[in-house]
Amino acid sequence: MAKLTINDVDVREKRVFMRVDFNVPMEDRDGKMVVTDVNRIKETLPTLNLLISKGAKIILAAHLGRPKGKREATMSLAPVAEKLAEMTGRKVAFVDDCIGEKVERAAAALKAGDILVLENVRYYNEEEANDPAFAEKLAKVADVYVNDAFGTAHRAHASTEGVAHVVTKRGGKAVAGLLMERELKFLGDELEKPARPFVVILGGAKVSDKIKVIDRLLEKADAILIGGAMSYTFKLALGAKTGKSLVEPDKTEVALSALNKAKARNVQFLLPTDNVIANQVNTGKLNKKGKPVFEIVNPRLNTAQDIPEDAAGFDIGPDTAKHYAEVIRTAKTVVWNGPMGMFEDARFAKGTDAVALAVVEATKNGAKSIIGGGDSVKALNNAGLGDKVTFMSTGGGASLEFLEGLVLPGVAALADK
Ligand code: AMP
């Protein structure tokens, strides 16, 4: 169901409490935390600019990292507020708390078009516990609630859900920001009746993470192309040998039932026919988490059904990439989530790159291409192709849950159109 957005409400001179996704990567440089990737801040600018032009008093709430209820200095949003000021060319106020008198005073000082950034909401355990009293405290400075943080909308936390309910109960409006609106449009509405052929590409590490998405999209897709380590669990289910590949032996049943469902529904379900394999050698060293570090050596093509006992699959092979690209190029709607291999290592990135190029080509041919967040977005951006697809989701877990057809609490709490 379509949600009300900031275009539908009067925000002039009102205090707009907006939940944003400012969970940006940071780095300690000479004792000062510095934002190293501004993408998430950039994504909120259209909503911010519209609110500024409408004369709202803007109060931004967000989380950063996992401080687990403590004031963790390295996870302060102060550097983000500074960066936002730089990016907007405006003064951005900051309070080192997200509730209480200080916040109320700073909010009272706001004039139309002003921006105030609150401190990390996860400095309080009550945030993730969705504590009603905490939500009331956050809502003290909220006449209108806006959620523009799709990436956390699958969490029912105080700032993503609780505040929306408090504001609504008081007779105020809880609405979507422009970024949230776009996410709902592309991951939701556009896939209700997709233009055909509808091709879904799924990769990544685990079948267990994606099986619900596979199950749901099997009801709509014309073709599903599988890559990444999860393809080996499907192979295992079909009786092939997978060597040392990353597999989930306890998920072969669900893999088989997906394959059967595909057959019954006449959905083309493609698995890799060749793979890039390699051997893992234990270096005898331990990583930070105390786990053994393996070196991956001797990458080579494997065209047999079985993977040798001492080797693991790390990417789809060139034949598979070519075939997948052909199918993708014919699509009118594409959904892509998850890399085709261990793409962080250039030796195993070719399959993912080939799929990225094919998705871009399909888009040029008029297809709508929707990238379901996470590593596929990274892969496209690495290849400089991020602006050549129709839509890249800013959510990882949230986009997967949305594609599964789940109701996201942060979305459900917003007013319907
Ligand atoms: P996901 O978060 O489930 O989309 O998985 C992404 C991760 O899966 C990336 O870090 C990839 O390196 C990893 N991955 C993909 N294919 C493989 C593979 N064949 N073997 C090991 N890891 C893989």
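How many nonpolar, polar and charged residues does the lining of the second largest pocket have? I counted by class and got 12 nonpolar, 13 polar and 7 charged; Ala, Val, Leu, Ile, Met, Phe, Trp, Tyr, Cys and Pro go down as nonpolar, Asp, Glu, Lys and Arg as charged, and the others, Gly among them, as polar.

A note to myself: this is a predicted model, where local features need pLDDT of at least 70 and side-chain atom pairs count only at pLDDT 80 or more, while totals for chains, interfaces and linings use all residues. Residues are numbered from 1 along each chain as its sequence is written, and side-chain values use heavy atoms, with hydrogens and water left out.

**Second largest pocket.** I found a volume of about 570 Å³ here. A pocket is an open set of points on a 1 Å grid over the protein atoms alone, where a 1.4 Å probe fits, with protein on both sides within 12 Å along at least five of seven lines; lining residues have an atom within 4 Å of a point. The volume is the space filled by probe spheres set on the points, joined across faces, edges and corners. Gly204, Ala205, Ala229, Leu246 and Met342 are the closest to its centre among 32 lining residues.

**Largest pocket.** I noted about 1200 Å³ of space. Its lining has 38 residues, with Asp21, Arg40, Ser393, Thr394 and Gly395 nearest the centre. The lining divides into 6 nonpolar, 19 polar and 13 charged residues.

**Phe234.** I looked up its contacts (heavy atoms within 4.5 Å). Leaving out residues up to four places away in sequence, Phe234 touches Val207, Ile214, Ile226, Ala255, Ala258, Leu259, Phe269 and Leu271.
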